[in-house]
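Here is a short briefing to read with the model open in your viewer.

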Amino acid sequence: MRDRFFRLVRLVSLAAVIAFPLTATAPVGAATTDEVSPNPTNMVDCNGYSSVYHSLKVTMRSLCTDPYFKEAGGAERAYDNGKYIGHDEPSVKFISSAPGSANHMTYYMQLGKDPAATPTPSGSVSHYAELSIAPWFGLPMCDPKSYPQKPCTPDSDTNTGLGSPQDAGSAFMELQFYPPGFGSFQDAYSCDQTFYCAALTIDSLSCSFGFKFCNPACFEPINFAYLSTDGVPAGPPSPQLFTEAGFHPNAHTLMMRGGDKLKVSLEDTANGLKTTVQDLTTGQTGFMVASAANGFMNTNPRTCGGRPFDFHPEYNTAAPQNQVPWAALEGGVLMQQEIGHFESCSDVANRLGFIPYDPQTYWTCMGGSDPNTGGEGPCDFTTGACTNPTTEGGGACPAGAFNCEFSDALCAPATPRPVTLLGKTETWQWPVAGCEQNITQNGDLDFDGNAYIADWPDGSPNHPTSYKYAGPFDAAGNAYPSIQFETDLAASENDCNTVTGAGCTAPPHGAAFYPYWSIGKQAPITGRHSACLWNFGNTIPGVTTNNFGGAAEYGAPNTARFGGTIITPVMPNPQLTSGCSGA
């Protein structure tokens, strides 16, 4: 049964991807004697497309870092074993020249709170997990085994990340927060029916400079660990030794409720980056250190073997040029929302039948937020052909196109269903039938799901409250004086030419709405910091003082680097302006 699943993942949309070669491939070699060999099922490819290994969570691809290829002919979308793996991640990049501003920072944040009403198929009532599967904070990290496989000096601006052969080996850290209600995390995004949790993730890239060699067996290895009250990972966090236990919260996993106020700290230590979340509402604290002692490993890009490794922040200052050279987002110190991974449905159809631990899962969304009442899918195991694939704008998928929605899977009903985790069967029930669009492609590539309609926080009691943010503040307590807005949405648009920038737009063609960052005066998260706070979603009457033009805030395609990323010039941080006006 499990082999059928992996076979399908490699077969679906075959006609669209078979002609695209990975930039370069080579067979995986044996791990050296001082390395840990990967388990047969592991996380050495976050996207789940390894040519050799099975993935413990194929749907993890929606939570990976979005790479891009910079080659002689220009910048192109990244493909993992022929599969497009892009994301939609609207972000704020914070900029500062203060020493330590890239390796020690604190945010204050209030989690979104869902309405009491049950979400509806149309999105007239929405819960936060339908809108963003993982709000997160990001940071570049040192990893000499990651692209472009050069030495990296922690906490140092001697490192570069702008595309030079001498760029430092660089990984991408995300501190992700998972809204409740839509699990289990083994094949979905919520770790609990009621509570939020958070995880420290670090993605590396097994490619050499210019992408002349990319290892198809372990293209994007990921380290993953929930933050816990005792600082101990729930299971081995390394790509090589990761087990099912690592995805399942235990008695020590930090749990938070919607509306809780948090102090979030990221700081380097002698043993690696320490991420801490202090819940100011409950008094609980969770933390995780990205250390060898905790089981974190970096990955040999030739053999996929792992070695215990302390992951440290890469840079000293949050300068604009201090980036991860292979990541589509130009981070940097980032505040972000991962969107475009859910469609609410009136019902779901066409049983998948190949996920043994979660048997009541389906291919197709029927009705609801999807204007195509027949939905997308199913797909055929043998031919790779899919029923009714669509693309940007809602039209039929063009022949040979990569950026299409081939199916809605993975889908689940709004009825109780048994899920077997760690040998025990538990019951999950989503509050509304829905689909994640993460089996045959990564995301809602016809842009008609919940992220692309006006069901975001807007002050309505039928929509969740907005996340609120203050900061970041550096180790001396100073705010970051400048920002850039950006999103890597455009690379997921079929109409976008990532070399010229033509057709690379926010919102995407056919979308009814695209969420944006705003700022406004509101109740403070703590009594010690400004009440001029960031929000994300829609304009909130009586709160929003500046929405920066809505979706227009993200700027223009950066064709000098990668046209799939839309970004603004550097501008003053509006959280610091008089009257919270953004002027």
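The notes below go from the whole chain to single residues.

This is a predicted model, with a mean pLDDT of 92 over the chain. The chain has 583 residues, of which 64% count as buried, and it contains 3 helices and 35 strands.

**Overall picture and confidence**

- Along the principal axes, the C-alpha atoms fill a box of roughly 60 × 55 × 50 Å.
- Among contacts with a separation of 6 or more, 72% are between residues 24 or more positions apart.
- A pLDDT of 70 or more is reached by 93% of the residues.
- Residues 1-27 call for care: pLDDT stays under 50 there, although the model has 74 contacts beyond four places in sequence for this stretch.

**Nonpolar cores**

- Which residues touch the most other members of the largest nonpolar core? They are F177, V264 and W534, in a core of 64 residues.
- Strand β10 (residues 170-178) gives the largest share of this core, with 4 residues.
- Leaving out residues up to four places away in sequence, V264 touches M105, T106, Y107, M109, F137, L175, F177, T276 and V277.
- Another core, of 19 residues, lies apart from it and includes M43, I133, A134 and F224.
- As general background, nonpolar side chains tend to be buried together in soluble globular proteins.

**Aromatic pairs and charges over rings**

- The count of aromatic pairs comes to 42.
- Y107 and F137, both on the contact list of V264, form a stacked pair, with 3.9 Å centre to centre and 25° between the planes.
- Y107 belongs to strand β8 (residues 104-110) and F137 to strand β9 (residues 132-142), so their pairing ties together parts that are 30 residues apart in sequence.
- Y107 counts as buried because its relative accessibility is 1%, and F137 counts as buried at 1% as well.
- Y514 and Y554 make an edge-to-face pair, with 5.6 Å centre to centre and 75° between the planes.
- This second pair links distant parts of the chain, 40 residues apart: Y514 is in the loop between β29 (482-487) and β30 (516-521), and Y554 is in the loop between β32 (544-546) and β33 (556-558).
- Both partners are buried, Y514 with a relative accessible area of 2% and Y554 with 0%.
- Two charged ends sit over rings: that of K57 is 4.4 Å from the centre of the F185 ring, and that of R302 is 3.9 Å from the centre of the F213 ring.

**A buried glutamate in a loop**

- E220 lies in the loop between β11 (197-203) and β12 (222-226).
- Is E220 buried or exposed? It is buried, because its relative accessible area is 0%, under the 20% cut-off.
- Beyond its neighbours within four places in sequence, E220 is in contact with V44, D45, C46, N47, C64, T65, P67, I85, D203, S204, L205 and W326.
- S206 is 14 residues from E220 along the chain, and their C-alpha atoms are separated by 6.2 Å.

**A hairpin**

- Strands β25 (residues 417-421) and β26 (residues 424-428) pair in the antiparallel sense over 5 bridges.
- The two strands form a hairpin with 2 residues between them, and L422 in the turn has a positive phi of about 50°.
- L421 stands opposite K424 in β26.

**Backbone geometry to check**

- In general, most residues other than glycine have a negative phi, and most peptide bonds are trans.
- The peptide bond from G183 to S184 is cis, with omega near 10°, and S184 is in the loop between β10 and β11.
- G471 and P472 are joined by a cis peptide bond with omega of about 10°, and P472 is in strand β28 (residues 468-474).
- N81 has a positive phi near 50° and lies in the loop between β5 (79-80) and β6 (83-84); with a relative accessible area of 23%, N81 is partly exposed.
- D155 has a positive phi of about 55° and is found in the loop between β9 and β10; its relative accessible area is 27%, so D155 counts as partly exposed.

Key
Residues numbered from 1 in each chain as written. Predicted model: local features only at pLDDT ≥ 70, side-chain atom pairs only at ≥ 80, totals over all residues. Heavy atoms only, no water. Core = buried A, V, L, I, M, F, W, Y, C linked by side-chain atoms within 4.5 Å. Buried < 20%, exposed > 50% of the residue type's maximum accessible area, 1.4 Å probe, protein only. Contact = heavy atoms within 4.5 Å. Phe/Tyr/Trp six-rings, centres within 6.5 Å; stacked < 30°, edge-to-face > 60°. Lys NZ or Arg CZ within 6 Å of the ring centre and 35° of its normal. pLDDT = per-residue confidence, 0-100. Pairing = 2+ DSSP bridges.
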